[in-house]
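These notebook entries record what I looked up in one protein structure. They are written for a reader who meets the structure here for the first time.

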Amino acid sequence: MSGSQYTIVETLHEVQGALRYRGVRTWDHRRVVLEVADPRHDHGEAAARLRQEYEATQALHSPAIVRPLALDTFEGMPALVLADGGGEPLEHLLGGPMPAEKFLPLAVQLAAAVAEVHEAGIIHKNLTPQNIFVGPAPDEVVLLGFGFASRLPREPATAPRWLAGSLPYMAPEQTGRMNRAVDSRSDLYSLGVVFYQLLTGQLPFRATDPLEWVHCHVARSPRAPVELAPAVPAVVSAVVLKLLAKLAEDRYQTARGLQHDLERCGAAWRADGRIEPFVLGAHDLPDRLELPQRLHGRAAELDALRAAFARVMERGTPALMLVSGGAGVGKSALVHELQRPAVLERGCFVAGKCEPYRRDVPYAGFAQACTALVELLLTQGEAHLAIWRERLRQALGASARLVFDVVPRLELVVGPQPPPPPLPPVQAQHRLHLAFRRFVAVFARREHPLALFLDDLQWLDAAGLALLADLVTHAQTGCLLLLGAYRDDAMTEAHPLMRTLADIRSTGAVVPDIHLGPLAVDDLTAVTADALHCSRDHAAPLAALVHARTGGVPFFAVQLLAELADDGLLRFDRGEQTWRWDAAQIGARGFTADVVDLMVGKLRRLSGPTLAAVEQAACIGDRVDSEVLAPALGRPPPEVDAALWDAVRAGLLLHDDDHYAFVHDRVREAAYSLIPAPDRPATHLRIGRSLQAHTPAEARPGRLFTIVDQLDRGLALVTDARERDAVCALNVAAGLKAKAASAFAAALRYLSEATSLLPADAWDRRHADTFALHLERAECEHLVGDHAAADQRIEQLLARARTNLDRARAYRLRMRMHQLSGRYADAVTALLAALRLFGVDVPATEAELRTATEAELREVTGNLRGRAIGDLVEAPPVRDPDMAMVLGLLGDGLSAAFIARPECFPLLTARAVNLSLRHGNAAESCIAYSYFAFLRAAEFGDVGAAFGSRTCRCG
């Protein structure tokens with residue numbers, strides 16, 4: 001096979017959406033290896049990986065790395081051209097167990113090659129037999145397949161949208177289910193799988209789908225290689241098992257340390273044909289500070305979390321558990337330790353973060369957590385995805401679109417769905433909560449329980465708090481453990497979170513609250529010893545210094561250790577293979593006692609473009625993607641990524657796909673504090689304007705709240721009348737969107753802002769829009785409990801109304817408000833006042849009332865003309881707006897009349913039916929409810945005969 005520039009001489013294999021060939025470049029006859037995007041897969045993703053491999057390795061000049069020559073195309077597909085130095089893929093050497101005399105030299109060369117990659121600042125993340133070439137000389141090993149490689153020293157411990165790498169060789173932390181960051185030790189796990197396969201002829205685990213592979217790597221222990229292949233030396237078997245440790249802290253820490261032990265094994269085997277036991281990893285000290293990920297001093301608290309999860313599985317009902325404490329004490333780190341127990345039970349752990357700058361975004365924390373849940377589904381094969389799709393469709397039914405509005409990516413699983421019929425706000429909220437309960441219950445089952453974590457619960461929006469209470473107080477939610485972490489400093493009983501928790505407990509629910517304080521000196525000594533890979537005795541003096549400066553707050557403590565290392569006050573002595581520090585010199589530096597000040601100092605070391613980008617990101621929130629940040633900075637996304645790279649490498653930001661997130665609230669607070677307070681409104685306004693101008697039309701709905709929030713923070717600087725009108729319209733749109741999502745407090749905030757932006761002559765120049773805005777605001781005021789403000793606003797609306805239709809809208813809202821408050825007599829008064837506007841009167845005396853009712857009954861029979869009500873439910877809606885309003889008023893008000901004015905209820909019901917019959921079907925609900933209600937008016941005889949014998953299809 002040949003192309004315009006390359007002649008293919010051998011097809012090697014398929015690797016992650018690409019095809020690998022061996023060939024010859026025609027113009028210079030150079031032997032090359034081609035990696036070509038496979039047209040059967042998404043070649044966009046494959047092309048991105050090929051580019052990443054090229055960029056990750058083109059500047060490296062190591063004999064351990066296959067050198068990239070060019071990015072090109074082959075037969076119209078993206079292709080990476082690599083130099084071919086001969087040799088064969090390691091997979092060709094797989095088969096039966098490899099004897100020790102052949103394995104050990106090869107293993108030494110593999111460890112050395114991986115060490116060179118790590119020392120060049122690269123994590124491979126996909127070490128497999130396909131990506132290792134051996135030969136042509138016996139001691140030559142080269143690596144390729146850097147499409148998933150990272151140039152960061154550590155990647156965040158977040159669940160990826162898709163599992164990066166090859167599942168059989170993937171380190172536990174790469175699955176995103178371990179609460180551990182990905183670093184160079186992840187490659188050592190993959191190397192352990194390769195060694196296991198070489199020594200035994202088989203993989204350490206067998207699985208048939210992605211979830212099973214994840215469970216194997218996270219939860220199952222492999223059999224020792226010597227058990228499967230008795231000829232394997234016991235020490236070599238132990239080396240492999242050390243590489244396959246679930247926790248990175250228990251593996252080899254460096255490839256050089258591994259290489260040293262393998263060389264010792266090889267020398268002993270060559271000399272004596274056997275290997276005496278020795279202490280593994282004695283020469284395995286990293287020469288850079290490794291901030292620890294293992295928790296210390298939290299054993300009892302972690303046991304309480306595990307016990308709560310076990311109770312949820314045992315009982316099959318939801319529960320809520322809280323973790324409280326000051327900033328930086330490790331609340332989030334503690335809760336995330338539940339990830340591995342969840343996987344052990346074949347369950348899921350997902351997390352969302354509430355942000356102070358996004359408290360008006362409805363369900364923001366829940367949306368992030370549920371999106372992570374959906375993305376876990378999208379990592380599965382089509383067969384499994386089809387099962388979940390059917391379960392979700394059955395559970396959600398016509399309410400699927402309601403969940404889409406909060407979790408848009410769910411539509412990728414379920415498929416497009418029609419919008420549900422509109423309902424009044426309170427009923428709409430109940431329907432949304434029911435939809436979410438059903439959505440969560442699909443995942444929260446005994447066979448796969450769900451742990452859903454909301455971080456920084458003190459910033460959860462009002463709608464989110466209502467949803468939280470609903471999920472935990474309904475047993476049908478299933479095996480769900482809701483977890484919430486919140487800062488308890490400055491928390492009062494009046495805080496919305498505290499009030500919600502009191503309401504939940506009032507139902508009889510037990511809500512445990514684990515309080516975390518700072519670490520004791522002994523626990524901080526263990527943290528320091530982990531970081532320095534030394535004994536506690538050696539670490540104790542430094543730990544005491546750090547504890548005195550930080551008060552034992554874990555986040556502050558590890559940041560101070562990093563600062564000491566950056567400043568050279570904590571350094572590795574290569575000769576002695578240990579860490580050294582000068583206590584007097586550290587004391588003389590006078591480090592700050594405030595973590596924000598410490599982070600400010602770290603931020604100031606960044607370059608100007610990087611610091612500017614980080615400051616803008618802090619204005620937007622805890623988490624931001626480059627496509628949002630790019631217009632804010634006025635730079636294309638690639639330049640934004642380049643600017644933020646130093647902040648990621650410095651450990652201030654995390655990078656996941658296209659998103660950036662601050663590693664901690666304190667870092668974002670520090671970055672935001674660098675913007676002078678007087679300059680912040682202008683900064684927010686500029687970001688909002690830029691987002692508004694550069695966001696494509698199709699992306700605007702998803703960014704509406706972000707745009708509006710930025711503009712609102714700079715409103716004081718907006719003086720142009722046209723711009724104020726535009727911002728007013730955006731606030732109205734945001735308010736209506738929040739109201740549709742039953743986020744009434746957020747909706748009120750946006751609508752109030754819109755009201756404040758109206759010009760002085762708005763009632764004269766834009767009466768209809770102004771009237772509609774105040775009507776929406778009045779409803780939201782009532783829904784959040786400000787009844788006095790709502791009543792006052794309705795009086796204003798009645799005074800400002802120009803038409804009977806407008807007056808009826810105000811009365812109708814007043815009627816609904818009274819019904820929600822249980823004031824049914826007042827609701828009927830509002831109903832009758834509205835009906836009188838259209839000439840629909842109710843007689844005052846009992847005799848007149850009975851006469852009118854009997855006349856309406858006779859008219860029902862005449863209007864039916866032999867038809868049943870069920871025949872009319874498909875009739876077109878009423879076109880006359882006045883008559884549609886009358887029917888709507890009657891449909892809304894009949895229940896209040898039945899309770900408060902039973903004497904006029906039959907007449908109103910009969911009129912509702914007659915008007916529906918006379919003018920067409922205003923709404924199926926009006927006829928259905930009228931039919932149902934009229935049947936209950938037993939004192940007026942068998943009215944069922946008047947409606948015909950057929951049952952109403954909508955009733």
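The entries below go from the whole protein to its strands, cysteines, cavities and backbone angles.

**Entry 1. The whole protein**

I noted at the outset that this is a predicted model. I then looked up the overall content and found 40 helices and 18 strands. For the extent of the protein, I took the box that its C-alpha atoms fill along the principal axes, which is roughly 120 × 70 × 60 Å. I also looked up burial: the protein has 955 residues, and buried residues make up 56% of them.

**Entry 2. An open sheet**

In what order do the 5 strands of the open sheet stand? I read the order as β1-β2-β3-β5-β4, and the pairing is antiparallel. The edges of the sheet are formed by β1 (6–15) and β4 (68–74). Each of these two has a single partner strand, so one side of each is left without a neighbour in the sheet.

β4 and β5 (residues 77–83) run antiparallel and are joined by 6 bridges. Across this pair, L71 stands opposite L80, a residue of β5.

I next turned to β14 (residues 570–573) and β15 (residues 578–581), an antiparallel pair joined by 4 bridges. Here R571 stands opposite R580, which belongs to β15. The hairpin of these two strands has 4 residues between them, and Q577 takes a positive phi near 55°.

**Entry 3. Cysteines**

How many disulfides does a search of the whole structure find? I recorded 0. For background, I noted that a disulfide is a covalent bond between the sulfur atoms of two cysteines.

I looked at C780 in particular. Its closest cysteine sulfur is that of C728, and the separation of 15 Å is too far for a bond. The cut-off for a disulfide is a pair of cysteine sulfur atoms within 2.5 Å. C780 has a relative accessible area of 0% and is buried. I also checked C619, which counts as buried at 1% relative accessibility.

**Entry 4. The largest cavity**

The largest cavity has a volume of about 120 Å³. It is lined by 14 residues, and V15, Q16, E35, R49 and G147 are the closest to its centre.

Which elements each supply at least two residues of this lining? I found β2 (18–25) and α1 (43–57). The largest share comes from α1, with 4 residues. By class, the lining of the largest cavity divides into 5 nonpolar, 5 polar and 4 charged residues.

**Entry 5. The second largest cavity**

The second largest cavity holds about 50 Å³ of space. I listed its lining as L542, L545, V546, R549, L560, L564, I586 and F591. Two or more of these residues come from each of α19 (536–550) and α20 (554–566). The largest share is that of α19, with 4 residues. By class, I recorded 7 nonpolar, no polar and 1 charged residues in this lining.

**Entry 6. Positive phi in loops**

Most residues other than glycine have a negative phi. Against that background I looked up two residues.

N179 has a positive phi, near 55°, although this residue is not glycine. Where does N179 lie? I placed N179 in the loop between β8 (141–143) and α3 (184–200). Is this residue buried or exposed? N179 is buried, with a relative accessible area of 16%; the cut-off for buried is under 20%.

The second residue is D456, where phi is also positive, near 55°, in a residue other than glycine. D456 sits in the loop between β11 (450–455) and α16 (462–472). At 3% relative accessibility, D456 counts as buried.

How values were computed. Residues numbered from 1 in each chain as written. Predicted model: local features only at pLDDT ≥ 70, side-chain atom pairs only at ≥ 80, totals over all residues. Heavy atoms only, no water. Pairing = 2+ DSSP bridges. Buried < 20%, exposed > 50% of the residue type's maximum accessible area, 1.4 Å probe, protein only. 1 Å grid on protein atoms, 1.4 Å probe; cavity = no way out; pocket = protein on both sides within 12 Å on 5 of 7 lines; lining within 4 Å. Points joined across faces, edges and corners; volume = space filled by probe spheres on them. Nonpolar A, V, L, I, M, F, W, Y, C, P; charged D, E, K, R; others polar.
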